Amino acid sequence: MSTTETPRLAGKVAIVTGATQGLGADIARVLTGSGATVYIVGRGREAGEAVAAGIGSQARYLEADITDDAAIERCIRTVIDDCGRLDLLVNNACSYNDRGLASSRAEWLATLNVNLVSGAIFTQKAAEVMRPGSVVINLGSTGGKFGADGRAVYPASKAAIIQITKNFAVSLAPLGIRVVSVSPAWTWSPSVESMTGGDIAKADAVGAHFHPLGRIGRGEEVGRAIAFAASSDASWITGIDIPVDGGFSILGPDQGRSPREWFARLQPT
């Protein structure tokens with residue numbers, strides 16, 4: 001008996017938006033490692049081509065502004081022309097532009113256009129060419145589940161993504177297309193890197209206060225959850241959010257600690 005296991009996404013073709021750096025690039029690497037051919041979609045040709053070259057022949061870069069419907073259509077047409085199929089769409093592209101309550105109408109519209117509307121249009125266009133068994137995966141966030149001071153636009157977009165995942169799952173089920181969202185908590189990324197001066201141990205030490213597993217996440221861990229959700233192993237899963245958050249979302253504001261501990265810590269001396 002052979003012990004060689006066929007990669008779970010062998011022969012599949014995927015688009016990952018916002019994959020020229022950070023989490024999107026990590027997702028693309030995991031998906032190719034799982035056997036998929038991955039189209040890295042985003043702006044910044046030099047960065048996108050570098051990610052694709054680093055992955056190898058299973059990755060290809062497509063430059064596109066996903067706020068442009070024609071650009072979305074060109075991406076999908078290129079994939080179909082090249083491969084004859086599209087099995088997986090990962091709506092990962094994201095803007096973090098957010099000034100909370102002070103955000104202007106233009107800022108609201110610009111961020112929602114990237115984070116929410118573009119993913120919805122990409123899904124609409126992709127569904128026209130996807131076969132039964134195909135999957136759409138939307139990147140949610142723990143930020144879309146809880147309140148936070150100084151933020152509004154980004155968490156609102158993520159909450160909406162989790163909601164449209166449910167709606168689109170119902171709409172696309174008759175076509176045999178599943179739709180799932182995956183919500184990370186704090187994950188090692190360019191933004192966290194900049195806040196810690198590139199010190200992942202420091203990021204883990206801070207993150208340990210908010211994640212029961214005692215650290216922040218890694219992009220490849222999110223990627224592995226996406227690879228599972230996209231595979232036939234998850235064929236009976238649709239319309240739900242999968243938290244990939246180290247336990248972040250199971251904690252309340254008491255961080256899972258008893259009142260006795262908080263009184264001991266915080267009472268005046």
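In which hand does helix 3 pass helix 4? The crossing is right-handed, a label that applies if the near helix is turned clockwise from the far one by less than a right angle, with anticlockwise giving left-handed. Let us walk through the surroundings of this crossing.

A word on the source: this is a predicted model, where local features need pLDDT of at least 70, side-chain atom pairs count only at pLDDT 80 or more, and totals for chains, interfaces and linings use all residues. Residues are numbered from 1 along each chain as its sequence is written, and side-chain values use heavy atoms, leaving out hydrogens and water.

**Helix packing**

Helices (H or I, at least four residues) and strands (E, at least two) are DSSP runs, numbered from the N terminus. Axes are lines fitted to C-alpha atoms, for helices over the stretch in contact, with angles running from 0 to 180 degrees between N-to-C directions.

| Helix pair | Axis angle | Axis distance |
|---|---|---|
| Helix 3 (residues 69-83) and helix 4 | about 40° | 10 Å |
| Helix 4 (residues 105-127) and helix 5 | roughly 15° | within 10 Å |

Helix 3 and helix 4 are therefore oblique to each other, while helix 4 and helix 5 are roughly parallel. For these words, angles under 35 degrees count as roughly parallel, over 145 as roughly antiparallel, 65 to 115 as roughly perpendicular and the rest as oblique. Helix 4 and helix 5 also cross in a right-handed way.

Contact means heavy atoms within 4.5 Å. Where helix 3 meets helix 4, the residues include Ile-72 and Cys-75 on the helix 3 side and Ile-121 and Phe-122 on the helix 4 side. That contact divides into six nonpolar, one polar and three charged residues. Between helix 4 and helix 5, the residues that meet include Trp-108 and Leu-112 from helix 4, and Ile-161 and Phe-168 from helix 5.

Leu-175 sits in the loop between helix 5 and strand 6 (178-184). Leu-175 is partly exposed, at 46% relative accessible area; buried means under 20%, exposed over 50%, and partly exposed in between (1.4 Å probe, protein chains only). Leaving aside neighbours within four places in sequence, Leu-175 is in contact with Arg-131 and Pro-132.

Phe-146, in the loop between strand 5 (135-139) and helix 5 (153-172), pairs with Phe-248, in the loop between strand 7 (241-244) and helix 9 (259-266), so parts 102 residues apart in sequence are tied together. Phe-146 is partly exposed, with 39% relative accessible area, whereas Phe-248 is buried at 19%.

Key:
Nonpolar A, V, L, I, M, F, W, Y, C, P; charged D, E, K, R; others polar.
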